[in-house]
Amino acid sequence: MDFKPTTSTTKQSEIPRFSNAQKDRSFYHPLFPQPNRHNSNNDYDGSSSMITTTDPPHETYCFVVAADTQLGMTHGNTDWEKEKEYSRAAVEYMNQMNKRPLFCCVCGDLVDMTAEIYASRGVKDIKDEGKIEEKKWTREECDRIQDQQNADFQTIWSDLHPDIALVCVCGNHDVGNRPTPASIERFRSAFGDDYFSFWVKDSYNIIVNTSLFSDSGNAPELFQEQWDWLEDRLRYAAQQPARHIFVFGHHPWFLYHEDEDEADMKGFSPNPSGGPDVKDSYFVIPRTVRRKVLALFAKYKVTAALAGHFHQNLVSKTSFGMHMIVTSSLSMVLQSTGIPKEFHEPRTRGIRIVDVNGDKFAHQFITI
């Protein structure tokens, strides 16, 4: 990757970030303004053109996918200096890229602490010298720690070059394994909408809250709202038509095969913290829900789904041609026994660079 000093006429303070960028189910950045808002027919007002910049729509561009920055993971939420270091390194790398990415999408688990997972639960804190201490958190302590982690994440990632838009996806450690309206609202208050969509040139990008697809038991109405919205946005993108439809989320829809049954998945990742092994089945969307989602993706010809959550790299493909691209973490890295031997991407932390060129796209994982 080539590097050059970064210069820009845009001031960092002028760039919308977080809740100022992710709002109204759209995304705001001056380098790729969006079409006008919806009218009563649930379509966009104004010109039918989806391209609002002066750049040729087929011009080559790139974006970056990161995942699981997960501040607090290594030391049981008592310290997150390691994760901050990894995020700083990623930001510095992107700022020095010669071919500047138009945006970076962090695919969830921005931080580790959420009361929906840790409140009143014992947590092992692994000290540098190997000593293990047991901690338990109250909900108030969880919220306070999460607020601080969110603030630290925003401080570090605000140093991203102003010409690079920052997209923040919610993961299960941001809103809970079974999210609630309150936990989702906490995320929205800090980072903006948990699902939204936006154009970049002639590609349509859809951000989803996959935690609701994983388990919507505490928020069925929010699940249905997102489902209806997702189907509407896919239909809209296909009608334009978008050259590519990219769907970003935290959970992979699947790991090895689009119709894999969680009960039959034998792989697991040894837990570096000394806890129970993490089964591969933990990482995927339940098959009953997944089949319905993938049917929509097939109908509207989604190019690729991009995710994290697995804390290691994995790339698969559906029978209808959609790429399932899972990117390793910027925190603790896992190593599953289920990864095929023929898969050769690095088992390290890092970021993924995606290059889009007309009808084609390619991607490369970069170790950080």
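R25, in the loop between β1 (22–23) and β2 (26–27), is another non-glycine residue with a positive phi, about 60°. With a relative accessible area of 21%, R25 is partly exposed. Most residues other than glycine have a negative phi.

The model is predicted: local features need pLDDT of at least 70 and side-chain atom pairs count only at pLDDT 80 or more, while totals for chains, interfaces and linings use all residues. Residues are numbered from 1 along each chain as its sequence is written, and side-chain values use heavy atoms, with hydrogens and water left out.

## Overall content

The protein contains 8 helices and 17 strands (DSSP runs numbered from the N terminus: helices are H or I with at least four residues, strands are E with at least two). It has 368 residues, of which 54% count as buried. Of the contacts between residues at least 6 apart in sequence, 72% join residues at least 24 apart (contact means heavy atoms within 4.5 Å).

The 15 residues of α1 should span 21 Å at 1.5 Å a residue, and the end C-alpha atoms are 21 Å apart, which agrees (the expected span is 1.5 Å times one less than the number of residues). Buried positions in α1 are E83, K84, Y86, S87, A90, V91, Y93, M94 and N95. These buried residues pack against β3 (61–66), β4, α3, β16 (350–357) and β17 (360–367).

The axes of α1 and α3 come within 9 Å and cross at roughly 25° (axes are lines fitted to C-alpha atoms, for helices over the stretch in contact, and angles run from 0 to 180 degrees between N-to-C directions). That makes α1 roughly parallel to α3 (under 35 degrees is roughly parallel, over 145 roughly antiparallel, 65 to 115 roughly perpendicular, the rest oblique). On the α1 side the contact is made by K84, S87, R88, A90, V91 and M94, and on the α3 side by D152, I156 and W157. These residues divide into 5 nonpolar, 1 polar and 3 charged (Ala, Val, Leu, Ile, Met, Phe, Trp, Tyr, Cys and Pro count as nonpolar, Asp, Glu, Lys and Arg as charged, and the others, Gly among them, as polar).

## Helix α3 against α5

Helix α3 (residues 139–157) packs on α5 at an angle of about 30°, with the axes 11 Å apart. The two helices are therefore roughly parallel to each other. D143, Q146, D147, N150, F153 and Q154 of α3 meet R186, A190 and F191 of α5. The residues of this contact divide into 3 nonpolar, 3 polar and 3 charged.

## Helix α7 and its surroundings

Helix α7 covers residues 220–239 and has 20 residues; from first to last C-alpha it reaches 29 Å, close to the 28 Å expected at 1.5 Å a residue. L222, F223, Q226, W227, W229, L230, D232, R233, L234, Y236 and A237 are its buried residues. They pack against α5 (181–191), β8 (196–200), β9 (203–207), α6 (210–214), β10 (244–248) and α8 (287–299).

The axes of α7 and α8 come within 10 Å and cross at roughly 20°, and the two helices are therefore roughly parallel. W227, L230, E231 and L234 in α7 meet K292, V293, L296 and F297 in α8. This contact divides into 6 nonpolar, no polar and 2 charged residues.

P241 lies in the loop between α7 and β10. The peptide bond joining Q240 and P241 is cis, with omega about -5°.

L102 is located in the loop between α1 (81–95) and β4 (103–106). Leaving aside neighbours within four places in sequence, L102 is in contact with F32, Y61, C62, D163, I164, A165, V200 and K201. Its C-alpha is separated by 9.0 Å from that of L166, 64 residues apart along the chain.

I366 belongs to strand β17 and counts as buried at 11% relative accessibility. Not counting residues up to four places away in sequence, I366 touches Y93, R349, G350, I351 and I353. I366 and I351 are 15 residues apart in sequence, with 5.4 Å between their C-alpha atoms.

Methods: Buried means under 20% relative accessible area, exposed over 50%, partly exposed in between (1.4 Å probe, protein chains only).
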